[in-house]
Amino acid sequence: MVSLGNSWDKLLEEEFKKEYYLRIRAFLKAEYANPAFPVYPDMHDIFNALKITDYHAVKAVILGQDPYHGPSQAHGLSFSVREGVAPPPSLVNIFKEYHEDLGYPIPKSGDLTPWAKNGVLLLNTVLTVRGGAAASHRGCGWETFTDRIIELLNMREEPIVFILWGAFAKSKAALITNPNHHILTAAHPSPLSAYNGFFGCRHFSKANELLKDPIDWRL
């Protein structure tokens, strides 16, 4: 049984018992045991976003799609990489916007754990991936699980800012129906699209303008 160590345990207790989730477990057991390829992140890091950011602590959500599929990159937080790993292109662009928006220096580390600890749920919609094979675990059931997380957050009375970058993340806006919450959308920070509406979106400062208790974005 998964233990997250906070409010998510009770909220997701029934989800972890459902047939679709048991199928995910069986699928992952086989994937992680297969010597033909690695699976990322490490199995102990799959739920890091939920472990670090308690349900009641969430101020903002930054939705990613699936984990980085290169060695030593993914560690369970969307767009984040482990300490000492070079930031991938999308994260480089996120840091450029962060610098232009807030004036903070470009971070030397790509580890976004401080954001997670300050109330930013860094959630991928698919939580695992085969090494070197982007999107290889899409459709295995993770989308159902992470949609439930968004639905649970939507039920909260305290306002949350949902930050949706790119078409896939924007598609999740349909799950956010509570008028207490706010949705910010922009192009994806990928080099292929960042100049089409990501740069200049100022989502870091806009999120803080919408929240009574601002996020400390410093890294």
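Author: A residue counts as buried here when its relative accessible area is under 20%, as exposed when it is over 50%, and as partly exposed in between (1.4 Å probe, protein chains only). In helix 8, which covers residues 203-210, the buried residues are His203, Phe204, Ser205, Ala207 and Asn208.

Reader: What makes residues 203-210 a helix, and what covers the buried residues of helix 8?

Author: Helices are DSSP runs of H or I with at least four residues, strands are E runs of at least two, and both are numbered from the N terminus. The cover of helix 8 includes helix 4 (89-102), helix 5 (113-117), strand 5 (161-165) and strand 6 (182-186). In total the protein has eight helices and six strands, and their order from the N terminus is α-α-β-α-β-α-α-β-β-α-β-α-β-α.

Reader: What kind of model is this, and how are its residues numbered?

Author: This is a predicted model, in which local features need pLDDT of at least 70 and side-chain atom pairs count only at pLDDT 80 or more, while totals for chains, interfaces and linings use all residues. Residues are numbered from 1 along each chain as its sequence is written, and side-chain values use heavy atoms, with hydrogens and water left out.

Reader: How do you know whether the radius of gyration agrees or disagrees with that of a compact globule?

Author: The globule rule, with the radius taken over C-alpha atoms, is 2.2 Å times the number of residues to the power 0.38. For 219 residues a compact globule would come near 17 Å, and the protein has 17 Å, so the two agree. The C-alpha atoms fill a box of roughly 45 × 40 × 30 Å along the principal axes, and 53% of the 219 residues count as buried.

Reader: What makes a set of residues a nonpolar core, and which members touch the most others in the largest one?

Author: A nonpolar core is a set of buried Ala, Val, Leu, Ile, Met, Phe, Trp, Tyr and Cys residues joined through side-chain atoms within 4.5 Å. The largest has 66 residues, among which Phe47, Trp142 and Phe145 touch the most other members. Helix 6 (residues 142-154) supplies the largest share of this core, six residues. Contact means heavy atoms within 4.5 Å, and beyond its neighbours within four places in sequence, Trp142 has contacts that include Tyr21, Phe47 and His137.

Reader: Why is proline 67 called buried, and which residues is it in contact with?

Author: Proline 67 has a relative accessible area of 6%, and is therefore buried. It lies in the loop between strand 2 (60-64) and helix 4, and its contacts outside four places in sequence include Tyr40, Pro41, Ala74 and Asn124. The peptide bond from tyrosine 40 to proline 41 is cis, with omega near -5°.
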